[in-house]
Amino acid sequence: MYEYEEECLEVFLANQKQLLGREEFMTKEEADAFLADCMACVCDSLQDVRDYLEEAGMDAYGMSDEELLAQSELFALSDGRFLVVEG
C-alpha cells in the first residue's frame with residue numbers, strides 16, 4: 001500500500017520534470033518514497049496551498065493565482081486539489 005493516493009503518484013510521475021528538471025523516478029514505489037521523504041502535502045484548494053507555503057516561509061500571499069499555479073512545486077490533481085512537493 002502506498003502512503004500517497006494513486007492519482008498523486010501518477011500526476012507526480014507524469015510531471016516530475018517540472019520540479020526535478022529530469023525524469024528520475026519510474027515506478028509508483030519510487031515516487032511514493034520520494035514524496036514521503038519530501039513530506040509532500042495534498043491541499044484541498046489554492047488558498048490551502050497559499051497557507052501551506054506561507055507556513056513554510058514562502059511569501060505566497062503576494063502572488064497572483066497564476067503565479068502560484070506556475071510554481072514548480074505545485075501539481076494539480078483532477079478533483080481540484082493540489083500536491084505540493086518541496087524537493
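Is C38 buried or exposed in this predicted model? C38 counts as buried, at 17% relative accessibility. The cut-off for buried is under 20%.

The sulfur of C41 has its own closest partner in C43, at 3.9 Å. That distance is also too far for a bond, because a disulfide requires sulfur atoms within 2.5 Å. C38 belongs to helix α3, which spans 28–38. C41 and C43 belong to strand β1, which spans 41–43.

**View B. Q16 is a buried loop residue.**
Q16 sits in the loop between α1 (6–15) and α2 (17–20). Its relative accessible area is 1%, so Q16 is buried. The Q16 side chain reaches the backbone nitrogen of E24 at 3.0 Å. Neighbours within four places in sequence aside, Q16 is in contact with G21, R22, E23, E24, F25 and F75.

**View C. Helix α1 carries buried residues covered by helices and strands.**
The buried residues of α1 are C8, L9, V11, F12 and L13. Their cover includes the helices α2 and α3 (28–38). Strands contribute too: β1 (41–43), β2 (74–76) and β3 (82–84) are included in the cover.

**View D. F12 and F25 form a tilted aromatic pair.**
The model has four aromatic pairs. In the pair of F12 and F25, the rings lie 6.2 Å centre to centre, with 40° between the planes. F12 is in helix α1 and F25 in the loop between α2 and α3, so this pair ties together parts 13 residues apart in sequence. Both F12 and F25 are buried.

**View E. F12 and F75 form an edge-to-face pair.**
The ring centres of F12 and F75 are 5.5 Å apart, and their planes meet at 70°, so the pair is edge-to-face. F12 lies in helix α1 and F75 in strand β2, so the pair ties together parts that are 63 residues apart in sequence. F12 and F75 are both buried.

**View F. Four phenylalanines make one aromatic cluster.**
The members are F12, F25, F34 and F75.

Methods: Residues numbered from 1 in each chain as written. Predicted model: local features only at pLDDT ≥ 70, side-chain atom pairs only at ≥ 80, totals over all residues. Heavy atoms only, no water. Buried < 20%, exposed > 50% of the residue type's maximum accessible area, 1.4 Å probe, protein only. Helix = DSSP H or I, 4+ residues; strand = E, 2+ residues; numbered from the N terminus. Polar contact = N/O pair within 3.5 Å; in protein donor to acceptor, adjacent residues only side chain to side chain. Contact = heavy atoms within 4.5 Å. Phe/Tyr/Trp six-rings, centres within 6.5 Å; stacked < 30°, edge-to-face > 60°.
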